[in-house]
Amino acid sequence: MCQKAIYPGSFDPITYGHIDIIKRALKIFDEVIVAVANNSSKQPLFSTEERVKMIKQATKDFDRITVESFDGLVIDYAHKKRISVIIRGLRMISDFEYEFQMALTNRKLAPDVETIYLMPSESYCYISSKLLKEAAYLGADISNFVPKFIEKAIKAKL
Ligand code: ADP
């Protein structure tokens, strides 16, 4: 049986940290669906379509990956796709509280869906899309955190 997992998130924009998690997930699962949340309460810098397109470009050399957007709850999306594993990344202790709450809420709502956490390489542990947008806004070189075309896209937006 082909084991699939969903990696949901805002990806505003995708960073080397997200890419690290995708690579690790591909070692465990036959197919990974990167799912861009369309209904994020956060005000994204990039539209959903732009985020999907950027992920596709950043992962163009990977096999076994699909990128799409979804509306509503991730567990409803998982049910629709008949996938029972959600992947999330854990960077720091600070991620833990929110992720733990979300995993337990999702488990209560959908006991058939399991959330699995993967840790990135320590070089990417401190990267967040939010922080690097702020750094780019202040003129920082963010080439260590995102592919070149994403750095350009961020700078063009800002
Ligand atoms: P969300 O708004 O759903 O948190 P993000 O794009 O910020 O969306 O994150 C999606 C997932 O990727 C989350 O599980 C987050 O912890 C993880 N993630 C984000 N940045 C990194 C990183 N640098 N290393 C590992 N995981 C990360």
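Arg 82 is exposed, with a relative accessible area of 79%. Its phi is near 60°, a positive value in a residue other than glycine. Arg 82 sits in the loop between helix H3, residues 74-81, and strand E4. Keep in mind that this is a predicted model.

Arg 64 is another case. Phi of Arg 64 is near 65°, again positive in a residue other than glycine. Arg 64 is in the loop between helix H2, residues 48-58, and strand E3, residues 65-70. At 43% relative accessibility, Arg 64 counts as partly exposed.

Next, the loop between E1 and H1. Pro 13 lies there. A cis peptide bond joins Asp 12 and Pro 13, with omega about 0°. Asp 12 also forms a salt bridge with Lys 133, and the closest N and O atoms are 2.8 Å apart. What does that pair tie together? Asp 12 belongs to the E1-H1 loop and Lys 133 to helix H5, so the bridge links parts that are 121 residues apart in sequence. Are Asp 12 and Lys 133 buried or exposed? Both are buried.

Now along to H1 itself. This helix covers residues 16-28, which makes 13 residues. From first C-alpha to last, H1 reaches 19 Å, close to the 18 Å expected at 1.5 Å a residue. At the start of H1, a side-chain oxygen of Thr 15 comes to within 3.1 Å of the backbone nitrogen of Gly 17. Gly 17 is buried.

H1 brings us to the largest pocket. Its volume is about 1,300 Å³. Strand E1 (4-9), H1, strand E4 (85-89), helix H4 (93-109), strand E5 (114-118) and helix H5 (129-137) each give two or more residues to the lining. Which element gives the most? H4 does, with seven residues. In total, 46 residues line the largest pocket. Nearest its centre lie Gly 9, Ser 10, Lys 42, Arg 88 and Tyr 98.

The structure holds eleven. Asp 12 with Lys 133 is one of them.

Take H5. Lys 130 forms a salt bridge with Glu 134, and the closest N and O atoms are 3.5 Å apart. The two are separated by about one helical turn, because they are four residues apart in helix H5. Lys 130 is exposed, with a relative accessible area of 58%. Glu 134 is partly exposed, at 38%.

Then H6, residues 148-157. Glu 151 and Lys 148 both lie in this helix, three residues apart, about one turn. They form a salt bridge, with the closest N and O atoms 3.2 Å apart. Side chains of opposite charge can pair when their charged atoms come close.

Lys 148 is exposed, with a relative accessible area of 52%. Salt bridges that share partners join Lys 148, Glu 151 and Lys 155 into one network.

Note on methods
Residues numbered from 1 in each chain as written. Predicted model: local features only at pLDDT ≥ 70, side-chain atom pairs only at ≥ 80, totals over all residues. Heavy atoms only, no water. Expected span 1.5 Å × (residues − 1). Buried < 20%, exposed > 50% of the residue type's maximum accessible area, 1.4 Å probe, protein only. Polar contact = N/O pair within 3.5 Å; in protein donor to acceptor, adjacent residues only side chain to side chain. 1 Å grid on protein atoms, 1.4 Å probe; cavity = no way out; pocket = protein on both sides within 12 Å on 5 of 7 lines; lining within 4 Å. Points joined across faces, edges and corners; volume = space filled by probe spheres on them. Salt bridge = Lys/Arg side-chain N within 4 Å of Asp/Glu carboxyl O.
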